[in-house]
Amino acid sequence: MLLTVSTTHRPATDLGYLLVKHPDRVHSFDVPTGTAYVLYPEAAADRCTAALLLDVDPQRLRAQQDTFELGQYVNDRPYAASSLLASALNKVFRSALRGVSKDRPELAAAPLPLEIAVPVLRGTSELATRLFEPLGWQVTATPIPLEPQIGGDSRYVDLQLSGSVRLADALNHLYVLLPVLDDAKHYWVAPDEIEKLLRSGEGWLAAHPEKVLITRRYLAHKKAYATTALQLLEGDETTDEDAELPVTRKISLASHRRDAVLTALADAGAARVLDLGCGGGALLTALIKDRRFTEIVGADVSSRALAIAARRIHLERLGDRVRLFQSALTYRDDRLRGYDAAVLMEVIEHLDPPRLPALAETVFGHARPATVVVTTPNVEYNVHYEGLTGTRHSDHRFEWTRAEFRSWASRVAARYRYEVTFRPVGEDDPATGAPTQLALFRTVSAEVAQ
Ligand code: SAH
């Protein structure tokens, strides 16, 4: 069974860095069901294709899975993409799936022009479209005909996807959705599959219109597991800032915002950071991955949000580099003092405007880190969201224009002796500005010199 990933990003051979597999060689890996190969049928500057070929050994398949429903030799497993291919993908492209790249970190974080082909996949073209289209893919799923003497179509499709998608997102979509299409998992589904599903589905599954079908099938129709997973997803969605935006837009906006905040922190040289109003941990995950941040604190007023964040980041495994605690930003808190930087990512718009002076006093007056990064929606951009009425999230107490945000930020900066600069986040439309606005506050240097 075969899957190919192509890009026309230049130089296209950078794909080799992202997948951590050199384009000049054939790489082979022993997997529980046979041998997986990664090779590049084409590798030029303008177009590069990586192929994952899984050579299934039917005897090993049988040895691995006694309860396997089909015959040992006469079945489609060696040929049709399925959960076996998804497992191989997970083993062979592990760091690419996590969005990590030592050599090309910016490229790993950016959407790339990608084409994916899975020439033989069990499933219908209708379902393939319902699953992949909401994630921003252009889907062509052509039914594969049976032999002419039999006539009609087989149960298989030739799937082609194209889109501008982050490679890690693309691989996670395949990792989750290939077994969903196939709907015949080759292995016993254990409770840790819930965790795997949530991890791979992060940022897209909670808002997917087919999340119930995906969850049930992924968890092999184990009702209790699916119920738990859906409840946890629900939690993710209620802490998701862009919950009410269309799926494709929110995925890229969330990652742009995270990247913009990380860049601002890196520009400021911050190592010990506070994530104030950390919510379900959207930023914490990224801070934890980046070893420049030596001490990370997440604070939120909601104990439920903190519980979700703790689960998402696996707090229990992290030692004392990361701490979470409950704190209300409208009350001074000594635990917030002494840090290099504080981030308020999509937080201020959740407070009633009369509470903002108290928040400013807590953050800029009392905690007083050298750097503060604040992001908030730019309401002018909302005209681009078709069908959006009201604010982007039902808990937003206000959404500001660029002028309103600048005016608030400049007043706070003047009052607490900070300098402030502004950066657009996401597509910077000439008329409306970008979807998210970011203010970077630094204590004025005279004070630092003293
Ligand atoms: N920063 C996260 C969460 C944003 S949602 C992200 O970008 O995904 C806003 C968060 O602010 C919520 O988790 C909410 O509980 C928290 N919040 C709202 N008012 C707060 C207050 N007064 N003190 C602390 N946290 C607050």
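Start at the ligand and pick the backbone of Val301: one of its polar atoms is 3.3 Å from a ligand nitrogen, a polar contact being a pair of N or O atoms within 3.5 Å. Next, select Met345, where a polar backbone atom lies 2.8 Å from a nitrogen of the ligand. Then show the side chain of Asp300, which has an N or O atom 2.6 Å from a ligand oxygen. Taken alone, the ligand exposes 570 Å², and the protein buries 88% of that (Shrake-Rupley areas, 1.4 Å probe).

A quick note on what you're looking at: this is a predicted model, where local features need pLDDT of at least 70 and side-chain atom pairs pLDDT 80 or more, while totals for chains, interfaces and linings use all residues. Numbering runs from 1 along each chain as its sequence is written, and side-chain values use heavy atoms, without hydrogens or water.

Now bring up the shell: 16 residues surround the ligand, the closest including Glu241, Gly277 and Leu329 (a heavy atom within 4 Å). By class, eight are nonpolar, five polar and three charged, with Gly counted as polar.

Next stop, the open sheet of seven strands: follow the order 10-9-8-11-12-14-13, with mixed pairing. Strands are DSSP E runs of at least two residues, and a pair needs at least two bridges. Colour strand 10 (322-326) and strand 13 (418-425): each has a single partner strand, so one side of each has no neighbour in the sheet.

Finish on strand 14 (436-443), which pairs antiparallel with strand 13 over eight bridges. Select Glu419 and look across to Arg442, its bridge partner in strand 14.

How values were computed:
A polar contact is a pair of N or O atoms within 3.5 Å; within protein, one must be able to donate a hydrogen and the other to accept it, and residues adjacent in sequence count only if both atoms are side-chain atoms. Helices (H or I, at least four residues) and strands (E, at least two) are DSSP runs, numbered from the N terminus.
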